[in-house]
Amino acid sequence: YRPFEYEAPNKEIVGFDIDLMKAIAKAQGFDVEFVNTTWSTIFPALNNGDRDIIMSGITITDKRKKAYVFSDPYYEVHQAVVVAKDSAIKKPEDLKGKKVGVQIGTTAIEALRKMNVDIDLRTYDEVGLVFEDMRNGRLDVVVCDDPVARYYASRKEGYKDLMKVAFLTEDVEYIGFVFSKDNAELAAQVNKGLKAIRENGKEKAIRNKWLGE
């Protein structure tokens with residue numbers, strides 16, 4: 001889920017979330033191991049006790065809060081509408097009848113429902129597959145978190161010259177790390193680490209590295 005996390009050519013897992021959690025772990029004195037997990041199995045892996053923490057730009061929602069413990073928010077996002085460079089799409093109404101791709105199980109779907117426009121919605125297991133179909137002309141639109149949208153539209157080779165962000169949704173979302181209900185102690189430890197790296201400037205450096213902020 002670039003730039004939050006992805007597998008580099010050497011199979012190392014890298015990204016904004018990765019560096020952030022490494023810094024938190026160092027600040028709090030615990031070890032952390034990253035396991036590449038598909039989005040469709042990331043919550044079941046936490047439920048089964050196979051993971052202690054899950055992270056992938058995960059939006060904090062009331063529904064998810066009923067089942068899980070979230071860290072303090074560590075990033076604010078909007079949903080972004082990505083289109084071809086020469087597209088005339090500028091507002092929700094322009095999406096009518098368009099082929100729109102999203103990653104399944106994400107808040108992009110809810111954002112599209114709120115737009116109340118008749119679209120041809122297509123869901124994918126991974127956001128990279130959505131953008132690949134967009135690049136190959138099989139989609140008119142991609143909707144996803146704005147940092148991911150900006151990464152593909154302005155930084156990723158093979159994509160950045162073909163796409164643009166048409167507009168952002170007004171609703172603000174907050175993302176956090178996720179823990180099981182019986183692991184609130186670990187969540188508190190991560191929150192302490194997050195606070196520490198905000199105060200010492202490490203978080204700001206990580207944002208600048210991955211998000212240009």
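## A tour from sheet to cavities

Select the open sheet: 5 strands in the order β7-β6-β8-β5-β9, with mixed pairing. Strands (E, at least two residues) and helices (H or I, at least four) are DSSP runs, numbered from the N terminus. Two strands pair if DSSP finds at least two bridges between them. The model is predicted: local features need pLDDT of at least 70, side-chain atom pairs count only at pLDDT 80 or more, and totals for chains, interfaces and linings use all residues. Residues are numbered from 1 along each chain as its sequence is written, and side-chain values use heavy atoms, leaving out hydrogens and water.

Now pick β5 (residues 79–84). It pairs with β8 in the antiparallel sense over 5 bridges. Zoom in on Val82: its bridge partner in β8 is Val142.

**Helices on the sheet.** Show α4. This helix packs on the sheet and touches β5, β6 (99–103), β7, β8 and β9. Contact means heavy atoms within 4.5 Å. The direction of α4 makes about 145 degrees with that of β6. Angles run from 0 to 180 degrees between N-to-C directions, and axes are lines fitted to C-alpha atoms, for helices over the stretch in contact.

**A helix pair.** Select α1 (residues 16–28) and α7 (residues 184–199). Their axes come within 8 Å and cross at roughly 100 degrees. That makes α1 roughly perpendicular to α7 (65 to 115 degrees). Residues of α1 in this contact include Leu20 and Ile24; those of α7 include Val190 and Leu194.

**Cavities.** Which residues line the largest cavity? Among them are Tyr1, Trp39, Arg64 and Asp145. Its volume is about 80 Å³. A cavity is a set of points, on a 1 Å grid over the protein atoms alone, where a 1.4 Å probe fits but cannot get out; lining residues have an atom within 4 Å of a point. Grid points are joined across faces, edges and corners, and a volume is the space filled by probe spheres set on the points.

Finish at the second largest cavity, about 50 Å³. Its lining includes Tyr1, Gln79, Val127 and Cys144. The largest share, 3 residues, comes from β8.

Conventions. Angles under 35 degrees count as roughly parallel, over 145 as roughly antiparallel, 65 to 115 as roughly perpendicular and the rest as oblique. On a 1 Å grid over the protein atoms alone, a cavity is a set of points where a 1.4 Å probe fits but cannot get out, and a pocket is an open set with protein on both sides within 12 Å along at least five of seven lines; lining residues have an atom within 4 Å of a point.
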